[in-house]
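Please look over the sequence and the model first.

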Amino acid sequence: MSTAGKVIKCKAAVLWEQKKPFSIEEVEVAPPKAHEVRIKMVATGICRSDDHVVSGNLRWPLPVILGHEAAGIVESIGEGVTSVKPGDKVIPLFNPQCGKCKVCKHPEGNVCLKSSLQQPRGTLIDGTSRFTCRGKPINHFIHTSTFCQYTVVDEMAVVKIDAASPLEKVCLIGCGFTTGYGSAVKVAKVTQGSTCAVFGLGGVGLSVIMGCKAAGASRIIGVDINKDKFAKAKEVGATECINPQDYNKPIEEVLKELSDGGVDFSFEVIGRLDTMLSALLCCQDSYGVSVIVGVPPDSQNISMNPMLLLTGRIWKGGIFGGFKSKDSIPKLVADFMAKRFSLDPLITNVLPFEKINEGFELLRSGKSIRTILTF
Ligand SMILES: NC(=O)c1ccc[n+]([C@@H]2O[C@H](COP(=O)([O-])OP(=O)(O)OC[C@H]3O[C@@H](n4cnc5c(N)ncnc54)[C@H](O)[C@@H]3O)[C@@H](O)[C@H]2O)c1
Ligand SMILES: [Zn+2]
Ligand SMILES: [Zn+2]
């Protein structure tokens with residue numbers, strides 16, 4: 001029997017309060033309104049950005065259904081939806097692409113003016129939520145809310161992908177892989193023969209390394225305080241790995257010595273102010289490029305000497321690897337299907353959705369790269 005047009009009762013992981021475990025609840029998911037799409041979730045990854053909301057690093061209205069790195073199948077569509085139909089395999093877009101605004105029309109811009117990354121909002125673009133739990137509306141998270149058996153998204157926040165793609169793997173194209181890979185090839189524009197330093201060897205940092213390697217970097221130095229991450233980093237392309245705790249001088253000085261005066265490209269893929277500054281300082285004074293990928297703690301500032309930039313360094317950042325989401329995801333899925341890159345090294349754990357708290361503990365304890373939750 002079709003569920004189209006009806007409220008669906010299903011399970012979701014609701015975050016009621018900061019720093020508390022997720023609670024598996026029965027929620028009601030309303031049918032999609034005009035220009036909205038309801039998706040049956042198949043697989044979702046756990047990204048550090050979800051945990052930033054739990055810890056309070058990233059401020060978001062609660063209670064909320066988190067999750068933003070996923071893949072699923074369209075269950076039903078609202079009036080006027082033309083780009084997807086029931087049964088299509090899709091990836092929800094945490095960084096949507098309306099296609100009409102000034103940023104979407106700009107050849108380089110990728111943070112759409114309608115994006116809730118521009119302005120945190122716990123609803124769909126019409127200002128309301130499709131989720132209710134125990135009689136209360138529950139907030140959406142960055143257009144996606146994938147920690148739920150069904151979610152509703154705006155049409156600008158979903159894209160159709162190859163019907164043959166394995167959803168339990170390509171879900172990583174919805175955030176971690178694309179963010180890291182694009183930060184290297186598109187944001188930094190890593191060059192052939194260059195030296196790169198990557199701070200933070202989680203799922204996103206490893207994807208930066210894959211991007212640096214694909215761009216032809218000849219030296220890729222991984223930096224992490226957890227040396228258990230080194231083997232995997234080397235497997236995906238790091239040429240050496242260092243632990244800042246093994247040195248009694250600042251890590252930027254170590255990196256400058258290792259690279260004859262400074263690396264060509266550096267990436268901060270942790271989300272800390274001190275490492276953002278170290279990454280800036282370790283790149284070559286005159287032509288080094290440093291890219292911020294990690295999400296910084298809420299409302300904090302960095303104080304830096306402008307002289308660092310006056311000499312010519314470039315300091316930039318990027319959401320979703322600088323990619324326009326609707327345009328790039330189907331192409332990246334096609335590249336994956338053509339075996340141009342593998343996602344297997346990123347997937348260390350697969351758990352049933354109900355074990356979401358276990359998945360977050362694996363991330364927090366440094367034991368996992370990506371845990372995929374399956375529905
Ligand atoms: N820009 C974007 O669009 C975007 C997208 C996804 C994730 N992110 C952000 O990227 C960051 C990385 O995400 P992830 O999922 O790979 O996280 P992760 O937690 O899996 O990886 C972070 C790594 O940093 C290491 N680390 C922690 N403190 C360190 C320190 N002081 N020095 C060196 N290494 C240290 C940890 O050991 C870990 O290996 C997060 O801040 C996340 O929110 C940004
Ligand atoms: Zn993410
Ligand atoms: Zn737009």
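H4 and helix H5 (residues 203-214) pack at an angle of about 40 degrees, with their axes 7 Å apart. That angle makes H4 oblique to H5. Axes here are lines fitted to C-alpha atoms, for helices over the stretch in contact, and angles run from 0 to 180 degrees between N-to-C directions. Under 35 degrees counts as roughly parallel, over 145 as roughly antiparallel, 65 to 115 as roughly perpendicular, and the rest as oblique. H4 and H5 cross in a right-handed sense; that is, the near helix is turned clockwise from the far one by less than a right angle.

On the H4 side, the contact (heavy atoms within 4.5 Å) is made by residues including Gly-176, Phe-177, Gly-180, Tyr-181 and Ala-184. H5 contributes, among them, Gly-203, Val-204, Ser-207, Val-208 and Gly-211.

This is a predicted model: local features need pLDDT of at least 70, side-chain atom pairs count only at pLDDT 80 or more, and totals for chains, interfaces and linings use all residues. Residues are numbered from 1 along each chain as its sequence is written, chains are lettered from A and ligands numbered from 1 in the order in which they are written, and side-chain values use heavy atoms, without hydrogens or water. Helices (H or I, at least four residues) and strands (E, at least two) are DSSP runs, numbered from the N terminus.

Leu-206 also lies in H5. Its relative accessible area is 0%, so Leu-206 is buried. Buried means under 20% relative accessible area, exposed over 50%, and partly exposed in between (1.4 Å probe, protein chains only). Beyond its neighbours within four places in sequence, Leu-206 touches Leu-201, Lys-232, Ala-233, Val-236, Leu-346 and Ile-369. Val-236 is 30 residues from Leu-206 in sequence, yet their C-alpha atoms are 6.9 Å apart.

Phe-230 belongs to helix H6 (residues 230-236). At 13% relative accessibility, Phe-230 counts as buried. Leaving aside neighbours within four places in sequence, Phe-230 contacts Leu-201, Asp-224, Cys-241, Ile-242 and Asn-243. Phe-230 and Ile-242 are 12 residues apart in sequence and 8.2 Å apart, C-alpha to C-alpha.

Next comes H10. Helix H10 (residues 325-337) has 13 residues. From first C-alpha to last it reaches 18 Å, close to the 18 Å expected at 1.5 Å a residue. Which residues of H10 are buried? They are Ser-325, Ser-328, Ile-329, Leu-332, Val-333 and Phe-336. These cover an arc of only 135 degrees around the axis, which puts them on the same side of H10. The arc is that of the directions from the helix axis to the C-beta atoms. An α-helix has 3.6 residues a turn, so residues three or four places apart point the same way. The buried residues of H10 pack against strand S5 (89-92), strand S9 (158-160), helix H3 (167-170) and helix H4 (176-188). Lys-339 follows H10, with a positive phi near 60 degrees.

One more backbone feature deserves a look. Leu-62 and Pro-63 are joined by a cis peptide bond, with omega about -5 degrees. Pro-63 sits in the loop between helix H1 (48-55) and strand S4 (70-77).

Conventions: The expected span of a helix is 1.5 Å times one less than its number of residues.
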